[in-house]
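Please read the points below beside the sequence and the coordinates. They go from the overall arrangement to single residues.

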Amino acid sequence: MKKKVLIIENDQDIRHIVEYVLNEHGFETLSIPEPQDLSAIAPFRPDVILLDEFINSKPGHRLCRKIKKVRALAVIPVIILSTANDIELIAAECEANDHIRKPFDVEDMVAKVVRMVNHPPLAYGAE
């Protein structure tokens with residue numbers, strides 16, 4: 001069974017490139033520019049979420065915080081994608097499991113996704 005990656009990325013070109021690369025590496029992907037709410041995430045049942053920090057109407061770290069507060073979603077590793085200078089701080093504050101600085105090396109991105117799928121971290125707040 002293929003591992004699933006949800007790609008939430010504002011930039012259509014980046015979204016398509018990431019989707020293509022991950023599909024070529026054997027992942028099933030779903031890519032969207034911005035979910036309307038958390039109910040758009042759960043049905044896909046992703047193993048990893050790649051989340052752009054700058055999505056259309058709100059910062060990605062706010063969505064990350066919401067994901068980490070929902071028990072059923074908190075176990076899904078979130079990797080923040082961003083050009084922000086303080087990406088490490090943003091990722092830590094929203095309890096993301098990792099971050100990728102844009103522009104990114106494709107093989108490094110794939111390696112981080114593979115690592116999260118093969119060795120998922122414990123969820124924040126897990127008992």
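**Notes on the fold and selected residues**

1. Helix α2 (residues 60–69) lies across β1 (4–8), β3 (48–52) and β4, and runs at about 155° to β3. Helix α5 (residues 106–118) lies across β1, β3, β4 and β5, with an angle of about 170° to β5. Helices (H or I, at least four residues) and strands (E, at least two) are DSSP runs numbered from the N terminus; contact means heavy atoms within 4.5 Å; and angles, from 0 to 180 degrees, are taken between the N-to-C directions of axes fitted to C-alpha atoms, for helices over the stretch in contact.

2. The model is predicted, with local features requiring pLDDT of at least 70 and side-chain atom pairs pLDDT 80 or more, whereas totals for chains, interfaces and linings use all residues. Residues are numbered from 1 along each chain as its sequence is written, and side-chain values use heavy atoms, without hydrogens or water.

3. The strands form an open sheet of 5 strands in the order β2-β1-β3-β4-β5, with parallel pairing, where two strands pair if DSSP finds at least two bridges between them. The edges are β2 (28–32) and β5 (98–101), each of which pairs on one side only. Neighbouring strands of this sheet are turned by 20° against each other on average, direction ignored.

4. Strand β4 (residues 78–82) pairs in the parallel sense with β5 over 4 bridges, and β3 and β4 likewise pair in the parallel sense over 4 bridges. On the β5 side, Ser-82 has Arg-101 as its bridge partner, and Ile-79 has Asp-98.

5. How many of the residues of β4 are buried? The strand is mostly covered, with 5 of its 5 residues buried, where buried means under 20% relative accessible area, exposed over 50%, and partly exposed in between (1.4 Å probe, protein chains only). In a regular strand the side chains alternate between the two faces of the sheet. In β4 both faces are covered, with Val-78, Ile-80 and Ser-82 buried on one side and Ile-79 and Leu-81 on the other.

6. Leaving aside neighbours within four places in sequence, the contacts of Ile-80 include Leu-51, Cys-64, Ile-87, Ala-91 and Ile-100.

7. Lys-102, in the loop between β5 and α5, counts as buried because its relative accessible area is 13%. Not counting residues up to four places away in sequence, Lys-102 touches Glu-9, Ile-14, Asp-52, Leu-81, Ser-82 and Thr-83. The side chain of Lys-102 makes a polar contact of 2.9 Å with that of Glu-9 and one of 3.0 Å with that of Asp-52; such a contact is a pair of N or O atoms within 3.5 Å, where within protein one must be able to donate a hydrogen and the other to accept it, and residues adjacent in sequence count only if both atoms are side-chain atoms. The C-alpha atoms of Lys-102 and Ile-14 are separated by 10.0 Å, although these residues are 88 residues apart along the chain.

8. Ser-31 lies in strand β2 and is buried because its relative accessibility is 18%. Its side chain is joined to that of Glu-19 by a polar contact of 3.1 Å. Leaving aside neighbours within four places in sequence, Ser-31 is in contact with Ile-7, Arg-15 and Glu-19.

9. Some backbone geometry deserves a second look. Most residues other than glycine have a negative phi, and most peptide bonds are trans. The bond from Lys-102 to Pro-103 is cis, with omega near -5°, and Pro-103 sits in the loop between β5 and α5. Phi is positive at Arg-45, near 55°, a residue found in the loop between β2 and β3 and exposed, with a relative accessible area of 64%. Glu-95 also has a positive phi, near 65°; Glu-95 belongs to the loop between α4 and β5 and is partly exposed at 31%.
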